[in-house]
Amino acid sequence: MVEIVDLHKKFGKNNVLNGVDLNINEGGIFAVLGPNGSGKTTIIKSILGMVIPDNGTIKVFNTNIKKNSNYRSKIDYLPQIANFPSNLKVIELIKMIKDLRGQTNNDQKLIETFKLQPFLNKKLGTLSGGTKQKVNLVLTFMFDSPIVILDEPTTGLDPISLIRLKELITVEKKKGKAILITSHIMSFVEEVADQIVFILEGKIYFKGSIEELKTKTEQNDFEHAIANILTKNHA
Amino acid sequence: MLKILKYSFFDLMRSSWSYVYFAFYLLLGIVLLFLNSDLSKAVITLMNVIIVLVPLIGTIFGVMYYYNSKEFTELLLAQPLKRSSIFLGQYFGVALSLSMSLILGLGIPFIAYGLFKSNAIWDFSLLLIVGVFLTFIFSALAFNIALSNENKIKGFGYAILMWLFLAIIYDGLFLMSLIIFEDYPLDKVSLIGTMLNPIDLSRTLILLKLDISALLGYTGAVFKQFFGTSFGLIISIFALIIWVALPVLRIIHKSKKKDF
């Protein structure tokens, strides 16, 4: 579904990605992990074409994404910080995105799931962080695309919404979608992820299941396994 | 692109600044036409205001809109839309809404004055055409500056400097060079110098259309010979079109390479 070969990216003098190779050819939940500034968001933004790589190729469903924009209709993206035009109402924003991208009826169900009805006629600038994140989730999931990318989806969510999000992710996974998630909440990752993609210093350090990670680091506990990688490499 | 244009246009139409801009021209038009008996004088005063103010407003609105709609832009970038259509849509949205404020703001008092029956209709139309051109030119330049500068304050600074240079400093340098090299034949040089600055070009175009070139002396005669003919008019309009086209092309080029 997604194929990344030898991806390089520099921001000024800062070498963020140093030859990333990543292959995602089946559905499932992939957790992209790594310390702050390791290049998680840069990889995601490269797949979306928001960051232009210096070197390397990215293919989505076997089409090179360079100078292409239509492939993005197969990707749903949840950005890290939910920033929306503040003078727009929630309902107007949903309508606008539908107008730009195509019609869908999933939004009603999602609005129901996240209990957003009372906010539909409020301006986005007046919403709290958590509510904005829920709007963000509705916008992301309403198109039912085969690839879903979630950048820090849990930010600001209350416990009930978090449970609903997990349910939603599980349902989407059962449809055979490939779901990429970045998160710093290890318990969340452990609960939902099938595969871990660990990025360190701009390279893929580890790719495999949680069990494999535990064996590799000789730790019984997921959180410690991750910490183990970090201390080993930075000590 | 048209969908983005539509959203940007309506977004700006809802902002109170468009109305302030519109109301300003409305007031200016009414005051100049109804409190002033001489129509051609009114057109000259309008010209002086338009030639300085339209570029300034175009610059500020262009930069402001770009930085303010950053979030919107990022939202759009993740959608299956071409980058060029996102940025061109936003640019044309800004330029069109500003042009609308200008045309309606000045047009309404002129229609009320009974302009359609007067001979000044051509001078006035030229004034509006030039105003629209300046809006398109300066908002495109502003978008260019904003695209090249991540830092808002820097972007604003460069944009204002650009306006200051083209509206004021350029004329000063131009005059000084004419004085320094006054022993040489300068007709062609000054013609080219005028073409290279859209504000000067617009001003000359209107002044010569108003037939007051006699005030300009010998150079005026040369200019009149050039700009007064339909050939000169076509060349000048062509130069203005180039002034729109080049920055717009750079918007497309630059936006394709930018990281977000």
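1. Val20(B) lies in helix α2 (residues 16-34) of chain B, where helices (H or I, at least four residues) and strands (E, at least two) are DSSP runs numbered from the N terminus. With 10 C-beta neighbours inside 10 Å, Val20(B) counts as exposed; a residue is called buried if 20 or more other C-beta atoms lie within 10 Å of its own, exposed if 12 or fewer, and partly exposed in between, with C-beta atoms placed from the backbone. The C-alpha atoms of Val20(B) and Ser101(B) are separated by 9.1 Å, although these residues are 81 apart along the chain.

2. A word on the source: this is a predicted model, in which local features need pLDDT of at least 70 and side-chain atom pairs count only at pLDDT 80 or more, while totals for chains, interfaces and linings use all residues. Residues are numbered from 1 along each chain as its sequence is written, and chains are lettered from A and ligands numbered from 1 in the order in which they are written.

3. Helix α6 (residues 121-148) of chain B has 28 residues and reaches 41 Å from its first C-alpha to its last, close to the 40 Å expected at 1.5 Å a residue, where the expected span is 1.5 Å times one less than the number of residues. Because 20 of its 28 residues are buried, α6(B) is largely enclosed by the rest of the structure.

4. Turning to chain A, its secondary structure comes to eight helices and ten strands. Its radius of gyration is 18 Å, which agrees with the value near 18 Å that a compact globule of 235 residues would have; this radius is taken over C-alpha atoms, and the globule rule is 2.2 Å times the number of residues to the power 0.38. Taken along the principal axes, the C-alpha atoms of chain A fill a box of roughly 50 × 40 × 35 Å, and 40% of the 235 residues count as buried.

5. Six strands of chain A form an open sheet with mixed pairing, in the order β6-β7-β8-β3-β9-β10; two strands pair if DSSP finds at least two bridges between them. The edge strands, each pairing on one side only, are β6 (75-78) and β10 (203-208) of chain A.

6. Gly125(A) lies in the loop between α3 (106-113) and α4 (129-141) of chain A, and Gly125(A) is exposed, with 11 other C-beta atoms within 10 Å. Leaving aside residues up to four places away in sequence, Gly125(A) touches Ser86(A) and Asn87(A), where contact requires that the C-beta atoms of two residues, placed from the backbone, lie within 7 Å.

7. The contact between the chains takes 17 residues from chain A and 16 residues from chain B. Helix α2 (residues 90-101) of chain A gives the most to the side of chain A that touches chain B, with four residues.
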